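Hi,

Here is the structure I said I would pass on. Have a look at it first, then read my notes below.

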Amino acid sequence: MLIRKGNFLKRKSASLLLAGVLASLAGPVPAAAPVAPTAAVRAPDAVAAEFYGWYLETLDADQDPLSDRYERFNAYVAKPLVDQLLKRLQPASVGPQPPGDYFLQSARIQGAWLHGRVHAVTLRRQARSADVLVTLDGDGDAKHELVLAMVLDNGTWKIRHVNRAALIAPESSASQPII
């Protein structure tokens, strides 16, 4: 059915006028809720700093992060590394075990690290891997630097490997073994 231009314009104008009057009587129209952006992946250095803050706090509370806080530990550490660390704890582990703490790469834990500041910076980042420099900033000589190899695992950066900064090889972390 064809619409006559004259009648259409008059009816359309009247309809628009009526809609405007009704809208003004009804009050302001609420704004549409903003669309939530997709969850952004947190930066690897932010994850590393959060992990070390939590890890040191857990050690300071005389708890073992791997056994006492296993679920939280898994949120920060890649599964292959968790499996290797659990394997080391088995009584039937073969070979000598390295002394000290794996995540601190030290035979002794300095009290200054437990209460100092944790600073992290991303050194290199690719699509699914990153190297992060973590500094445990204690008093004076207690400053301790670590380099973490991290991997992107289901939208979360996780620790794959830890080295002392002074001992790091010049090659990329992607080519280094897990432990």
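Let's start with Arg69, which sits in the loop between H3 and helix H4 (70-76); helices here are DSSP runs (H or I, at least four residues), and strands (E, at least two) are too, all numbered from the N terminus. Before going on: this is a predicted model, where local features need pLDDT of at least 70 and side-chain atom pairs count only at pLDDT 80 or more, while totals for chains, interfaces and linings use all residues. Residues are numbered from 1 along each chain as its sequence is written, and side-chain values use heavy atoms, leaving out hydrogens and water.

Is Arg69 buried, exposed or partly exposed? Its relative accessible area is 36%, so Arg69 is partly exposed (buried is under 20%, exposed over 50%, partly exposed in between, with a 1.4 Å probe and protein chains only). Leaving aside neighbours within four places in sequence, Arg69 is in contact (heavy atoms within 4.5 Å) with Trp54, Thr58, Gln63 and Asp64. Between the C-alpha atoms of Arg69 and Tyr55, which are 14 residues apart along the chain, the separation is 9.6 Å.

Now Thr58, one of those contacts of Arg69. Thr58 is in helix H2 and is buried, because its relative accessible area is 4%. Not counting residues up to four places away in sequence, Thr58 touches Gln63, Asp64, Pro65 and Arg69.

Last, Asp62: find it in the loop between helix H2 (44-60) and helix H3 (65-68). With a relative accessible area of 72%, Asp62 is exposed.

Cheers
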